[in-house]
Amino acid sequence: MSSHPFMRLFSGMNNQYTRREVFCRNTCHDLRRFWEREIGKQTYYRESEEHRLGRSALRKLREEWKQRLETKLRLRNNPEDTEKRTNVG
């Protein structure tokens with residue numbers, strides 16, 4: 001039997017169920033730093049893509065066409081409004 005207190009606790013259990021902590025302070029710090037960098041990279045890529053799409057002329061064109069189509073549909077669905085506008089003006 002081992003002299004380590006945890007090993008005495010688990011002496012009746014199979015070896016597959018005993019857990020040995022492998023990480024030390026430096027390893028945990030390195031892992032944390034690695035994931036913080038990865039998250040930072042992904043955040044940067046996402047923000048730069050959003051910025052690029054925001055500057056895109058395609059988005060503006062789509063919005064203009066959407067407004068034109070909505071206006072045409074409104075005029076088509078309410079012909080009375082069109083007659084009123086032409087009689088007033």
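Q: How are helices and strands defined here, and how are they numbered?
A: Helices are DSSP runs of H or I with at least four residues, strands are DSSP runs of E with at least two, and both are numbered from the N terminus. Read along the sequence, this protein follows the pattern α-α-α-α. The protein has 4 helices and 0 strands.

Q: Good to know! What kind of model is this, and how are residues numbered?
A: This is a predicted model, in which local features need pLDDT of at least 70 and side-chain atom pairs count only at pLDDT 80 or more, while totals for chains, interfaces and linings use all residues. Residues are numbered from 1 along each chain as its sequence is written, and side-chain values use heavy atoms, with hydrogens and water left out.

Q: What do "buried" and "exposed" mean, please?
A: Buried means under 20% relative accessible area, exposed means over 50%, and partly exposed is in between (1.4 Å probe, protein chains only). In this protein, buried residues make up 1% of the 89 residues.

Q: And what is the accessible surface of the whole protein?
A: Such areas come from the Shrake-Rupley method with a 1.4 Å probe, and for residues only the protein chains shown count as cover. Here the surface comes to about 9,200 Å², and 54% of that belongs to carbon and sulfur atoms.

Q: How many salt bridges does the structure hold?
A: A salt bridge is a side-chain nitrogen of Lys or Arg within 4 Å of a carboxyl oxygen of Asp or Glu. The structure holds 5 of them. One of these joins Asp30 to Arg33, with the closest N and O atoms 3.0 Å apart.

Q: Where do Asp30 and Arg33 lie?
A: Both are in helix H2 (residues 25-55), 3 residues apart, which is about one turn of the helix. Asp30 counts as partly exposed at 38% relative accessibility, and Arg33 is partly exposed too, at 36%.

Q: Which residue forms a salt bridge with Glu50?
A: That partner is Arg46, and their closest N and O atoms are 3.5 Å apart. Glu50 and Arg46 are 4 residues apart in helix H2, so about one helical turn separates them. Glu50 is partly exposed at 47% relative accessibility, and Arg46 is partly exposed at 44%.

Q: Which residue meets Glu49 in a salt bridge?
A: Arg52 does, at 2.6 Å from N to O. Glu49 and Arg52 are 3 residues apart in helix H2, so they too are separated by about one helical turn.
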